[in-house]
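I wanted a look at a pocket and some strand pairings.

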Amino acid sequence: MKKWFFGIVSLLLSMFIIHPASAAGPSFKDVGTGHWAYSDIEWAANKGLVNGYDGIFKPNNDLTEAQFAVILVRYLKPGFDTSYVDNDRYTNHWAEKYYHFLAHEGFELPGHDLSNLTVREKPIKRIDVARSLAFSQSFAGTTNEVIDWMYTHHLTTGKKSSSDRYVDFGMNDHLKRGQVSAFFKRMDTAGFRTISAKLVLTVAGKHIEVHPVKQDGFVYFPVKESYEKVGAKVSDDPANGQMIVELREDRKVYKEGTSMQVTDRDGKKKTISLYKRINGVMMAAEPVFTSQFAAEDPETGQEYGVEMVKGPRRYELNPFIDTQYYFGGDDNGIRYRKLEAFSEEAKKNIKVYYRFMTSQYLEKEKGTTMEATITRASTVNGKNYEEEITFNGTVLNNKATGQINYMKFVKVSDNYSYSIQEIAPMPFNSAYENGELKWSWSEAFNFIKKAQN
């Protein structure tokens, strides 16, 4: 009797148990058990990461950037779809709250640029996917470093079409819907299931293995690894509690225990350590780190500095070289290099002044920015005038491109003048050699007049 009873119960239970999709057959009509990504797609569908289209998945279709943003957030923050409320929408895009969340966490997709929202509905490149997956685990670096990270953690096998692993990765290829399921299944296998809390640091675009550390309200940066990325010689001397850094003609000594008094946000004064060892690594506090990441070449006058870009969980140190030229000349481009050699009387006859400044980043992808000004003085009917042509742009392969602008002033005194004419900025391109824009005043002025007509 008991056997009969339990047999009936077992039969009834079996009618109502929900079996996994794989046991009941494929979830999507166009992804059979023989498809290379079958198990990955089934896994992603069961996790709620991906959806189909009326029973089909379209595994060979391109994945858009917005679709990837949604999948990335669903994977890293389960339950986000229903729990997250976006009260500060920047756009009305359907995936805005996902982009908003990713930006808050420090991710940088091309579609985060609000001036280029159309990219959100375009196919996403494999390298942009790789950068996002790596950053979720507090890794950032050059393109090749990010691709290496993908191979190291077995998140990609490449296309098996080239012996060059970077070419084989196909960084500019579009990611397919089937491939994205494989990527996230491998992330899960690697144990990468949440956003890493570690701070990320790159110097000149290169990855720094030692992460910055936040202590006592300040962020501390690794001295040795950071300086070595820009070619400095670093000597560690833990016995004497110091580290010596030699960068070009500059020599700095970092001593443990050096401190300074600062005022916190509440107006209270406190003493912080500028340099200290954290987990055995010499670190420098942010207030002094970037200011000391600089040097000047006394022979060329070139200045070496660093630009710090901050973001959530992310710090970028972009070293650059500033080169500046300043000299007098005439309308037709004749230039007098050494103004200090002229007497004050002779300087009065110089009507045109040329000033050129470039900032060349060590990270090649950032290139060289250029700023130039040509100023011309004249006197008409007893009135003193000053005209100014400015250039702002970038330099690549000895070509400067950017915006040119013209303004004219009435000069009342050395300390006061007022504008009487201004022309809206317009595009230009010009030869640029040895740190100089190869335009005279006349050439630049005629260019502007011609462009206006």
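My entries on the pocket and the strands follow.

Ground rules: this is a predicted model, where local features need pLDDT of at least 70, side-chain atom pairs count only at pLDDT 80 or more, and totals for chains, interfaces and linings use all residues. I number residues from 1 along each chain as its sequence is written, and side-chain values use heavy atoms, with hydrogens and water left out.

Pocket. I looked up the largest pocket and got about 690 Å³ of space. (A pocket is an open set of points on a 1 Å grid over the protein atoms alone where a 1.4 Å probe fits, with protein on both sides within 12 Å along at least five of seven lines; lining residues have an atom within 4 Å of a point.) I found 29 lining residues, with Arg131, Gly141, Arg314, Glu363 and Glu365 nearest the centre. Two or more lining residues come from each of helix H7 (126–136), helix H8 (143–152), strand S1 (200–203) and strand S14 (314–329). Helices here are DSSP runs of H or I with at least four residues, strands runs of E with at least two.

Strands. I count two strands as paired if DSSP finds at least two bridges between them. S17 (residues 368–380) runs antiparallel to S18 (residues 383–396), joined by 13 bridges, and Thr373 sits opposite Thr390 in S18. Their hairpin leaves 2 residues between the strands, and Asn381 in the turn has a positive phi of about 50°. Next I checked S18 against S19 (residues 399–413): antiparallel again, over 12 bridges. That hairpin also has 2 residues between its strands, with Asn397 in the turn at a positive phi of about 50°.

Terms used
Grid points are joined across faces, edges and corners, and a volume is the space filled by probe spheres set on the points.
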